[in-house]
Every structure is written in C-alpha cells, then in structure tokens.
Amino acid sequence: MSKVLVVTSGKGGVGKTTTTAALGAALAQNGQSVVLVDFDVGLRNLDLVMGAERRVVFDLINVIQGDANLAQALIKDKRVPSLSLLPASQTRDKDALTSEGVAKVIAELRKKFDWVICDSPAGIERGAQMAMYHADMAVIVTNPEVSSVRDSDRIIGMLDSTTEKAKKGEKLEKHLLLTRYDPQRASRGDMLGTDDVLEILSIPLLGIIPESGDVLRASNVGAPVTIAEPESAAARAYNDAARRLAGEKLEVTIPTERKGLFDWLFKRRVS
Amino acid sequence: MSATTSPLPRIRISGRSFLALTLTPEAPLEDWLSALDHQIARSAGFFAGKPIILDLGMLDAETQHLADLLPALKERGIRVMGIEGGDRTWPALADWEWPENFAGGRASAEIAIPEDDVPEAPGPRTLILENPIRSGQQVVWPDGDVIILGSVASGAEVSAGGSIHVYGPLRGRAIAGIGGNGEARIFTRALEAELVAIDGFYATAEEMNADQTSKPAQVALSGETLTFLPLT
C-alpha cells in the first residue's frame, strides 16, 4: 500500500526540504521505495539538497504538461538505489501546477513507489495546497518559536479542511516534527518547550531534531543528513522519525551527540 | 388632360464576360481551408470582386464540416455566385442560401494564382542583454542569437533560435538552435552549465567533461553529439 506524505509547515526556513530529504533517505535505506517530489515550483531546492542539480533535464511541470514522461523526469539517487527525485521547475510559477496534472502524476507515482513524499513550498497558496491535496499523511515541520507554531496551526487547519481526504470525510494522519531544537535554550526559556508546542498544536509528536551543524554541512555537500552524517544526533533523530512513520513504536527522546572514546581522549588532551 | 405617350427608353444591352473562377474544395475541409488561407495570404486580393463558382463535385453528403463551408468562404470575402455539383437535398446544405444556377459556361484551364511579392523575411536578429540572467528567469529568442554580457545563474534558462554567447559564467541552461538549427553554438567565458542543448541534443552537467568546468568553452553539434571545445 503506497502512502502519499506531505512535508509542510506554512512558515519558510523551518526545515521542510531538509526533512523531506532526510526522512526520504532514511525510509529508502530501510528498504522502502521512495520518491521525493519538489512542489516548490519557481524556487526549487530539493535537487540541491539531494545533490542532483547537475542531472536535472525534465521536471514536474514538464510531466504535467506532457512534454516528458515520468520515467524521463525521475532522477535515481546514486547512493540509495530505491530513492528517486522528481524535481520542480525553476523557470515557471505555481500556476503551472494544474489540479488534473498533479492528480495524474501522484496517481502514477503511487503505482511505482511505497512512499511519495511531497516537499511543500512555504505559504498557504496554490503550491502548498497542491502539495497537500492528495496526501494520506502529513509531517508538520515546526520550530520551537511562536510564529512557526502559529503558522503550523494554520496549516493543520487547512489539512483538515481542504485536502482530498478531508473532503471525503476521511482522516488525514498528522505528525509533528520539531526541528532546530536546542535543549539548552529551551531550558533557559529562550525557546518554547516541547510540551508547550504539543499543547498548542495537539497532534502526535513524530520526533525532535536537534539544531545541528551536521544538517547544514550535509545540505551544502548535497546529501541528506541521514546519508552524509549517519551517526550524528540529527540523523539518528530522523531515522527514528522515519521508523515511527513506518509504524514502529519508539519513544521520542532528544538525541545528544554520541562521543567516541577517541573524541573524549582527544578532548582531554587538548584542554 | 391628355396622356402623352413617350416612347419607353430603349434597354441597352451589351455583352461583357468575366471569367468566373471555380473553386473545388476537397475533404478534409479543414485542411483545404487552411491551404486556402495560405494561398490568400500569399496573393492578397486575388479573390476580391471575382465571381466564384463553388464546385462540390469532389465532396459528398457525409463530408465533415460541410455545413460551415459556405459561411467560411464568405468570411474570407469570397463571393459565391453559383454552386455546382453536390445536391441541395444534402442535409448539411439545408441552411445554405443557394444561388440560382447559371446555364452554360465553358471550363477553362486551371488558373495559376499570382503570388504577391512576399516581403523578404527579416534576417536573423540578435538580442543583447546587459544584465545578468537570474535564477528562474527564462529568455526565449527564436529569431536569432542571444548575447548576454553578464552571467546566467543556476536555474535560469536561455533559449535561442541561433547561437548563445555568454560573456560571464554560464551556470544555468543554454538551449541553442531551437528552430532546428544544428549550426548554432554556445559560447561562454566560464562553462558551469546545468544543461546545454543544440537542436534538441542535450547534455547535463554530469555528462560534461570536468576538465572544462569554469573555463572558456564553446559547444557545437557534430552529427548527433555535442562537442565541447576550449575557447582560446
């Protein structure tokens, strides 16, 4: 049974694209076939984060308009063979996303993959609505700060009213993913705590991704953090989140850096 | 009051002959009409003021769009003064105003339609852009060459009927020879393109030779392969 998952947030810069790449790679590394679909037409980034920008020929809009077929536009990841990418078009705008075209592409992808992960653009306009419309489940990416939480709340309201599932009266599974979480700042009260966010949004928690330089470094070298730095705290948190998505019951913890013996010795030597 | 009878005026009749043109449409009518349009475009005014006989001899009652044929001709300023062939009982012709038939008439040879002097198509024109082309911008210039003094950013796309010259780094897409011009080339001071294409043959960044990255280069099409040459 294939699942269409939308990664969305309302607010920009909270880590939707990073999350799409990391979760998708983690699911694919666990043996699932996964396609990542970039819905950010006009401001595409997923190809860069996936390190596939040098291989893009056709894109989602070409497929929607019939200029290319899916097989031509899908880019297979070189590191994880069961992971594919359908890039967005940079030279078009969101109006090129027609409802019929998106429906057709999603239906075709459902047949080929276990997971269709749609990377939503920021905002609540056409692009975001098209990305969420066909979703069976949603990951709402939220930073522990008030503006992000309020925007997420708005998006959850839209997921419950404007999607295909909502219109059919069915329930769309929603999961909260807290990203860029800094436990020290949270304990000092500079950040909203996990409990506060969960209390406001009242949807189940999928995971907490710590603020980490590894994530940034991974993006810059064009690899999801779960592939580039698999031992980092962020990668482990994403891996656990992916397993929870796939139905495993794991307790949510705030991962910390795992220090090896040599790190420890080295640290001692230096100080 | 006495009635004066003046003699009735004499009716003067003299002969004048016009050459009526016989138009013989063929199915499918859509194609025929577009061919007609093409002809009219090349010899404007040829049908103006000429008597036209419409010969339906090559069509039948089932011809598609037959009912629209007469209005379509009127729309093009063609005055049909007689209809030959065909049958006015064909249902498609029910709404036609059927002019009275002319008796007689002698077929003459097929007439060659004079062609106007078609104005010389304007030669290739060059588009010169002084500003860098930003990510997401698309430049399409089917008429000729495009010269860009700045850079073409990643995510930007330049398409030209002729060649593309980029005096800054080419980091986006360059698509030359879009009208089927295999002679077109792509020139840049620094080749970092995401994709280059000439006359439909393309190469992505990954397929390009890494040695030439960021160096001045030209791309040409030889046969069915793109060749990358250093530009010195």
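Tutor: Strand E10 (residues 186-191) of chain B and strand E13 (residues 217-222) of chain B run antiparallel to each other, joined over 3 bridges. Keep in mind that this is a predicted model. To find one of the contacts yourself, go to B:Thr188: its bridge partner in E13(B) is B:Ala217.

Now stay on E13(B) and look at its pairing with E14(B). That pairing is antiparallel too, and it counts 6 bridges. Here B:Val219 sits opposite B:Phe228 of E14(B). E13(B) and E14(B) form a hairpin with 2 residues between the strands, and in this hairpin B:Gly223 has a positive phi near 65°. As background, strands of a sheet pair through backbone hydrogen bonds, either parallel or antiparallel.

Step back and you'll see where these strands belong. In chain B, 6 strands make up an open sheet, and their order is E4-E6-E8-E10-E13-E14, with mixed pairing. Strand E4 (127-129) and strand E14 (225-230) of chain B are the edges: each has a single partner strand, so one side of each is left without a neighbour in the sheet. From one strand to the next, the twist averages 20°.

Next, how chain B meets chain A. The contact draws on 14 residues from chain B and 11 residues from chain A. Between them the two chains bury about 1,100 Å², with 45% of it on carbon and sulfur atoms. On the chain B side, B:Arg173, B:Glu194 and B:Glu206 lose the most area to chain A, together 40% of what that side buries.

H11(A) gives the most, with 5 residues. Sorted by class, the lining of the second largest pocket has 10 nonpolar, 12 polar and 4 charged residues.

Conventions: Residues are numbered from 1 along each chain as its sequence is written. Chains are lettered from A and ligands numbered from 1 in the order in which they are written. This is a predicted model: local features need pLDDT of at least 70, side-chain atom pairs count only at pLDDT 80 or more; totals for chains, interfaces and linings use all residues. Side-chain values use heavy atoms; hydrogens and water are left out. Helices (H or I, at least four residues) and strands (E, at least two) are DSSP runs, numbered from the N terminus. Ala, Val, Leu, Ile, Met, Phe, Trp, Tyr, Cys and Pro count as nonpolar, Asp, Glu, Lys and Arg as charged, and the others, Gly among them, as polar. Two strands pair if DSSP finds at least two bridges between them. Axes are lines fitted to C-alpha atoms, for helices over the stretch in contact, and angles run from 0 to 180 degrees between N-to-C directions. Contact means heavy atoms within 4.5 Å. Buried area is the accessible area (1.4 Å probe) that two parts lose on being put together, summed over both.
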